[in-house]
Number of protein chains: 2
Amino acid sequence: MTATPPSPPRPQLKIRRVNLDTGRENVVVISRQSTALRPDVFRGFSRVELRANSKVLLATLLLTDDGMVAPDELGLAEPAFRRFGEQVGSPITVTPAPPPESLDAVRAKIQGRALSAAEISAIIEDIVHYRYSDMEIAAFLIGSASFMTSSELLALAHAMANAGTQLKWDHKIVVDKHCIGGIPGNRTSIIVVPIVAAHGLMIPKTSSRAITSPAGTADTMEVLARVDLGVDTMKDVVNACHGCLIWGGHVNLSPADDILISVERPLAIDTREQMVASIMSKKLAAGVTHLVIDLPVGPAAKVTSTVEAMRLRKLFEFVGDHFGIAVEVVITDGRQPIGNGIGPVLEAQDVMAVLANDPAAPRDLREKSLRLAAHVLEYDPDLRGGTGYTRARELLDNGAALKQMHKIIEAQGPSGCNTDIGTLSADIPAPRDGVIEEIDCLRLNRLARTAGAPIDKGAGIKVFKKIGDHVQQGEPLYRIHAFDDAQFELARAGAKADNGYVVGAHSSDESKP
Amino acid sequence: MTATPPSPPRPQLKIRRVNLDTGRENVVVISRQSTALRPDVFRGFSRVELRANSKVLLATLLLTDDGMVAPDELGLAEPAFRRFGEQVGSPITVTPAPPPESLDAVRAKIQGRALSAAEISAIIEDIVHYRYSDMEIAAFLIGSASFMTSSELLALAHAMANAGTQLKWDHKIVVDKHCIGGIPGNRTSIIVVPIVAAHGLMIPKTSSRAITSPAGTADTMEVLARVDLGVDTMKDVVNACHGCLIWGGHVNLSPADDILISVERPLAIDTREQMVASIMSKKLAAGVTHLVIDLPVGPAAKVTSTVEAMRLRKLFEFVGDHFGIAVEVVITDGRQPIGNGIGPVLEAQDVMAVLANDPAAPRDLREKSLRLAAHVLEYDPDLRGGTGYTRARELLDNGAALKQMHKIIEAQGPSGCNTDIGTLSADIPAPRDGVIEEIDCLRLNRLARTAGAPIDKGAGIKVFKKIGDHVQQGEPLYRIHAFDDAQFELARAGAKADNGYVVGAHSSDESKP
């Protein structure tokens, strides 16, 4: 009965490129009439392993009946095609993929066991090599969201920092300033960096682009200069200017963090430990030695109470101490936008107005930037304790910061962006006489994004009134800017339904400024 | 500055069918050059809402550059096209979709809060209406895996039962028999049902197909008769024969369960509570009043200890009591396969041999089926207590069960399956003289599946030796059957690497039978 053993056939298909952007996940398409392989066999295995030459890639499999791929082809969607890096038509084998071994640890975590550093490191390694499906990444995040021990937090930050580029600097002191985010406007980094760099401390700042907000620091800086620099150019800029303001995505610092965030966001799970591991992994990878963290507290901010802010501060300090990074957490007012612009071009205008000492520049943005710059400057051992603020103001007022900013812009290269402000605009009026009591940061972020920011650099919101300001009925609270008709109307309709402002019932007699 | 308000434009696209099988998830494809809508706007929103006439569907969005869809089209992949049920070319609008509201409860669950019955019901409603992405379903499952209260378990079983077809029967006693699975072979249901039906109790049995195993009861029954009956035909069969043996997928009992299982399996998370909610939701929906559960315990079974078996038994009893279903849990030997065949055709042969009182029929399958049938028959108030086993044996031995089986087969309709056994075969030999001490059920399941079961009905394994049997070196332990060369070779190579048997070191003198 026993058949003679032939050598096991290795069915081969030809690579085809399928023009389908599947986000980050590797996806391949196979014909239901595939000649080389019976796709039915894959029922119950949605994950497959691709091999060509010595390359191996895991991917999620989709089936098709029609001409998208021929029976002797395997279609590689973007980004699987790009990552695999083999030519169209070259041979490839596909087999059902066993799940990555580190998934056992994820399952143990879900069942309540704390993970070892080696297990966490294996998980992060598999994630950055695209061996996890999105669902498997979600399983790790959610399993970790229910609890994470201090040791796990340290191991996670360490594993993430080690999984990408690790910058090394010759300087003993490498400073940085980071905001946990959530506050509209608030572009202090683009003011703090030139002040600190003008003083002579090294501040190699990398920032993110917006994912769900109307602008990230990288989006706003892009209005002023190129931000997609590689590691070598970044180092040249920092060596020439003591600082830079670039997009972190291009230098591959803690790539696992970018992957985890892209899965976290749609699920809107964001725990304290994951936030700290995320931020500290980037700082570790960037070679930062001294860090100031801006932690805004407000009813619509990421942190809503001082109790929660204190817990977060302790956690940042704990991780900083472990890795030898000096960390200072500055609790700031997160009740309302900082500056007047929300959206890249409008924010860039605010920033340049502050740096140029324009009398019309938003005072809150100037003051907050000076305060944060002061904390950073205090890390300079040669500066007399307590004089950080005076020094920061001096560098801003005497034009040194502006000059340094122009130097950084020149070193990074000119921006290719259109700097026009949205040509469609609508003022949103106060519904009554009174005093502004509250501003919903989440609401303004959403409206600015609806208007087109950050895709349309000049779209967004220009804020006229802040908390404590007196207004008369009909007086504009803010102005929406957009380019696209549909988005303009959606943003207007959104503001009409809920403008995000609470105007208190003060008499209009008192409210005259 | 304020523009005059035009009515907000509702950009429309034309429906195109994209022949891409995306499993269960709704997926749509839009051109990066879309005329009506700027896909960049969807960066950060992977979920979209489709509207046409009064229909609404949530889907995951993919982008394409080339001709897969034109700039004025929206491509609907399977199954989104089928579910939306609108014609190719008809107008459709697409907007970024807000996440389903019930996701707030999922997030609360992840953060450790117990959910109310209303929250669980809303989650299940959204899941069965395809409003959750796979990742969101995973979030619910994983959040629930870390803990689930008794109230949550009851609410989940109830919500799942209510979310699909609910069968009603005129009889006071509607019995059922269910195995939690994991043991190769073990097709007792196909023997128990005709015995119980021949006795006259009503047993409307619905079974599942294999997902990761080499055969489900529905796959094996399909070798003998049609199993994809709708609700009305099922009722006719049950009324005519007192019982049926059909595939549950076609009658839409607890569809949420099928969805949850399809996400659970690839992640391999399977908690006690989820298992009980899953099984009991199906029984509630099927209108079962009296239930016997086969709970195999063994080192490679789903339940590995008697302590764990006892906890599971209590949980089944608790849920049964709450919903008024009499539940008896029978703990059985799960150390090895039951019967000789593993794979649909081989198992069907075992089953028919037992029903026909063939002297070569596997004794273990006969005995286990009689024992389970006895427990079911004891639910008959007209049967004298303790005589269930005698009655079951009587119905089997006198041919009444076989006759009832033929009646059921005739009522369900003839099978369209090829009943040949895999033409490629290889015997796997004992590596030494001795006594069989252990058989790894997981390993045999995997080898049978590698050989092609259940897709190839006649592929699988025929077992020759069980625990306690004496073997001589070279004597076959089991035979692998396959049709496909590649799968045959993979299964052989797999058995060579690890045949799943432990042969103990008894002297060959003693081992002669």
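Two strands count as paired if DSSP finds at least two bridges between them. Strands (E, at least two residues) and helices (H or I, at least four) are DSSP runs, numbered from the N terminus. The model is a predicted one: local features need pLDDT of at least 70, side-chain atom pairs count only at pLDDT 80 or more, and totals for chains, interfaces and linings use all residues. Residues are numbered from 1 along each chain as its sequence is written, while chains are lettered from A and ligands numbered from 1 in the order in which they are written.

**Stop 1: a sheet in chain A**

Select A:Val435, which stands opposite A:Gly504 in strand 18 of chain A. Now extend the selection to strand 14 (residues 434-439) of chain A, which is joined to strand 18 of chain A by four bridges and runs antiparallel to that strand. Three strands of chain A make up this open, antiparallel sheet, in the order 16-14-18. Its edges are strand 16 (470-471) and strand 18 (501-504) of chain A, each pairing on one side only.

**Stop 2: the whole of chain A**

Zoom out to chain A, which has 18 helices and 18 strands. Its C-alpha atoms fill a box of roughly 100 × 55 × 45 Å along the principal axes. The radius of gyration, taken over C-alpha atoms, has a globule rule of 2.2 Å times the number of residues to the power 0.38. For 513 residues a compact globule would have a value near 24 Å, and the 26 Å of chain A agrees with that.

Colour by burial next: a residue is buried if 20 or more other C-beta atoms lie within 10 Å of its own, exposed if 12 or fewer, and partly exposed in between, with C-beta atoms placed from the backbone. Buried residues are 56% of the 513 in chain A.

**Stop 3: strand 7 of chain B**

Select residues 175-179 of chain B, strand 7: five of the five are buried, so the strand is largely enclosed by the rest of the structure. One side carries B:Val175, B:Lys177 and B:Cys179, the other B:Asp176 and B:His178, and all are buried. Opposite B:His178 is B:Ile293 in strand 10 of chain B.

**Stop 4: between the chains**

Show both chains. Superposing by least squares on the C-alpha atoms of residues with pLDDT of at least 70 in both copies, chain B can be laid on chain A with an RMSD of 0.1 Å by a turn of 180° and a shift of 0.1 Å along the axis. That is the relation of a two-fold axis. In chain B, the C-alpha nearest the axis belongs to B:Met135, at 2.6 Å.

Contact requires C-beta atoms, placed from the backbone, within 7 Å. On that basis, 53 residues of chain B are in contact with 53 residues of chain A. Among the contributing elements of chain B are strand 1 (13-21), helix 4 (134-146) and helix 9 (255-267). Helix 4 of chain B gives the largest share, nine residues.

**Stop 5: the core**

A nonpolar core is a set of buried Ala, Val, Leu, Ile, Met, Phe, Trp, Tyr and Cys residues joined through C-beta atoms within 7 Å. The largest has 285 residues, and those with the most contacts inside it are A:Ala138, A:Val196, B:Ala138 and B:Val196. Finish on B:Ala138: not counting residues up to four places away in sequence, B:Ala138 touches A:Met135, A:Ala138, A:Ala139, B:Val263 and B:Leu267.

Conventions
Contact = placed C-beta atoms within 7 Å.
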